[in-house]
Structure formats: structure tokens, C-alpha cells
Amino acid sequence: MAIANAFCTSLRSAISDADSGVYSPSLPQFTASKLHSSAIFHTFSNSGVAVSCRRRYTVSCTLDGVDSLSPALKDEQESVSIPLPIVQIIQDPECDATTVEISFGDRLGLLIDTMKALKDLGLDVVKGVVTTQDSVKKTQFLITRLDTGRKVEDPDLLENIRLTIIQNLIKYHPESSERLAMGEAFGIKAPKKKPDVDIATHIHVKDDGPKRSMLYVETADRSGLLMEVVKIMADINIHVESAEIDTEGLIAKDKFYVSYGGAALTRSMSQVLVNCLRYYLRRPETGEESY
């Protein structure tokens with residue numbers, strides 16, 4: 001109790017000295033920005049009504065040169081400060097090109113190297129609009145195939161586009177690696193916590209007109225995920241017309257426009273597809289042989 005009282009007394013004194021600009025070497029030294037304290041001052045307005053003014057100090061304490069903040073809390077604060085990297089590949093039916101949108105807080109530059117890497121895949125890349133919303137800068141590219149001049153619909157090439165963008169993001173922004181599943185393979189710092197595949201996996205199928213259905217797959221991201229999903233569908237004779245890819249940090253949220261025998265999937269075929277995907281997507285993590 002005596003130690004606690006002494007610390008509190010020292011804390012009050014340090015706050016008072018900080019307010020007055022007095023430096024006291026005998027007290028613990030306080031620096032921004034971990035421990036919060038508030039001092040309340042009472043003044044009187046001209047009308048005689050008491051007014052309470054709160055002044056807030058944000059300080060952290062080191063005692064005998066040892067930082068009082070735990071390593072776990074430091075890691076958590078550092079992780080929160082890193083923006084969420086997002087890569088979206090969009091197939092707009094009213095646009096003749098595939099749209100790619102990239103964001104990483106406000107940290108992205110001109111992305112010239114990323115454009116060059118995409119061109120090396122045999123693509124024509126035109127930089128689209130750059131927008132900023134809530135301090136998040138979003139950069140769009142319009143991509144077509146050089147050989148056909150049309151949008152990219154081949155799932156294998158779409159996956160190569162996604163991986164190329166993520167690899168460049170990790171290369172020029174190494175801090176992004178701990179918020180991307182690819183960071184474990186390509187980055188300097190692997191993600192600390194991986195999403196539970198069973199919890200993160202959501203699969204839905206719905207009709208998108210009489211001739212095709214839309215398959216939505218949300219699961220923990222990993223390299224080759226798109227091709228793995230496409231292969232599973234090929235094994236049960238489901239045709240993939242096009243795909244939209246959305247990578248948000250450690251989670252993949254993908255849409256596939258599919259058909260079976262030239263028509264939308266029946267209810268029974270949809271259930272077969274969902275069961276197959278649930279089994280294969282969970283298998284690498286859980287090893288469970290059940291649906």
C-alpha cells in the first residue's frame with residue numbers, strides 16, 4: 001500500500017510538473033502515449049456558475065529504464081496501426097476491362113512497379129481513378145489481355161494477377177506481410193494469428209439468371225486458393241464462366257459465375273458443390289473427413 005501511495009503521489013506530482021514545465025529527475029519519467037490520466041480543474045464563469053474543465057494527459061512510464069508496457073500490448077498496438085491490405089478483382093458486365101482495386105490505408109504510391117509486373121503477365125494495364133475515403137486511398141487499374149483485347153476471365157490468370165499484386169505489396173510495404181496470408185511465404189513477418197478455417201468458411205449458391213448461378217466463397221486465404229476451387233468444380237463438371245476476387249487481409253471473399261449443362265445449378269447440384277468445397281477447404285487445416 002505504501003508503494004502504491006508513493007507511486008500515485010509521484011504520478012500526481014509528475015502531471016503537475018508537466019503542466020508547469022518543471023523537470024524533476026527524482027520522479028519516474030513519463031513519455032507519450034500508453035498510460036492515461038486526467039486532472040480536473042474548477043473555475044468560475046462570469047455568471048458565477050462553476051465550470052469543470054478536464055485536462056487529459058497521455059503518458060507512459062519507465063521505471064529504472066524498463067518500459068512498463070508489456071510486449072504483448074506493444075505487438076497489439078503495432079498490429080492495429082498497420083492498415084488492412086485489400087485487393088479486389090472486379091468483373092463489371094458494363095465494362096470491357098477487368099477492374100483491379102488496391103488499397104493499404106494511405107500508404108500506396110504510384111504503383112508503377114506493380115503495373116510493370118502486371119504487364120509482364122501479357123496484360124494491357126491502364127491506371128484508373130484514385131479515390132480517398134476515410135483516409136483510405138484506393139487505386140484502380142483497368143486490365144485487358146494483350147492477345148484478345150478483352151477482359152480477363154481465365155481463373156489461372158486471375159490468380160496470377162492477385163499473387164503478383166500481393167507480392168509487390170509485400171516487397172514495397174514489408175509491414176503488410178503480417179496482415180496477409182501470403183506474408184508467411186513471401187514476407188519478413190508472418191501473421192501472428194491465423195483465422196480458424198471452420199469459423200471463417202462461408203459458402204453460398206444462388207441463381208444469377210436462368211443460365212448461370214453465382215457461387216460465393218469466403219474462407220481463410222492461401223496461395224492457389226482460386227485454382228483449387230476451380231479444380232473442385234471441374235471435377236464435378238461445373239463450368240466457371242468468370243470470377244471476382246476479393247482479398248481482405250487474411251480472408252478471401254470470392255465470387256464465381258458458374259453453370260451446369262448450360263443452365264443454372266439445381267438445388268441438388270448446389271448442395272453437392274457446397275459439400276465438396278466445405279470438405280476440401282477445411283481439409284488442409286483440420287484433416288477431418290466429414291462434411
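Q: Is Tyr-279 buried or exposed?
A: Buried means under 20% relative accessible area, exposed over 50%, and partly exposed in between (1.4 Å probe, protein chains only). Tyr-279 has 15% relative accessibility and therefore counts as buried. Tyr-280, with a relative accessible area of 36%, is partly exposed. This is a predicted model, in which local features need pLDDT of at least 70 and side-chain atom pairs count only at pLDDT 80 or more, while totals for chains, interfaces and linings use all residues. Residues are numbered from 1 along each chain as its sequence is written, and side-chain values use heavy atoms, with hydrogens and water left out.

Q: How many aromatic pairs does the structure hold?
A: A pair of aromatic rings is described by the distance of the centres and the angle of the planes. Rings of Phe, Tyr and Trp (its six-membered ring) pair if their centres lie within 6.5 Å; planes under 30 degrees apart count as stacked, over 60 as edge-to-face and the rest as tilted. The structure holds one such pair. The ring centres of Tyr-279 and Tyr-280 are 5.1 Å apart and the planes stand at 80°, so this pair is edge-to-face.

Q: Which residues touch the most other members of the largest nonpolar core?
A: In soluble globular proteins, nonpolar side chains tend to be buried together. A nonpolar core is a set of buried Ala, Val, Leu, Ile, Met, Phe, Trp, Tyr and Cys residues joined through side-chain atoms within 4.5 Å. Here the largest core has 51 residues, and Phe-141, Ile-143, Ile-161, Met-233, Phe-256 and Leu-277 touch the most other members. Helix α4 (residues 155–172) gives the most to this core, with eight residues. Helices (H or I, at least four residues) and strands (E, at least two) are DSSP runs, numbered from the N terminus. Contact means heavy atoms within 4.5 Å. Beyond its neighbours within four places in sequence, Ile-143 is in contact with several residues, including Ala-97, Leu-118, Val-125 and Ile-161.

Q: Which residues of helix α3 are buried?
A: An α-helix has 3.6 residues a turn, so residues three or four places apart point the same way. In α3 (residues 112–119), Thr-114, Met-115, Ala-117 and Leu-118 are buried. They lie on the same side of α3, because they cover an arc of only 160° around the axis, taken from the directions from the helix axis to the C-beta atoms. Ile-112 and Lys-116, on the other side of α3, are exposed. The buried residues of α3 pack against β5 (98–103), β6 (123–133), β7 (136–145) and α4.

Q: Why is strand β11 described as largely enclosed by the rest of the structure?
A: Strand β11 (residues 251–259) has nine residues, and seven of them are buried, so the rest of the structure largely encloses this strand. Two strands pair if DSSP finds at least two bridges between them. Strand β9 (residues 213–220) pairs with β11 in the antiparallel sense over eight bridges, and Glu-218 stands opposite Lys-253. Strand β10 (residues 239–248) also pairs with β11 in the antiparallel sense, over seven bridges, with Glu-244 opposite Lys-255. The hairpin of β10 and β11 has two residues between the strands, and Gly-249 takes a positive phi near 65° there.

Q: How many disulfides does a search of the whole structure find?
A: A disulfide is a pair of cysteine sulfur atoms within 2.5 Å. The search finds zero. Cys-95 is partly exposed at 23% relative accessible area, whereas Cys-276, at 17%, counts as buried.
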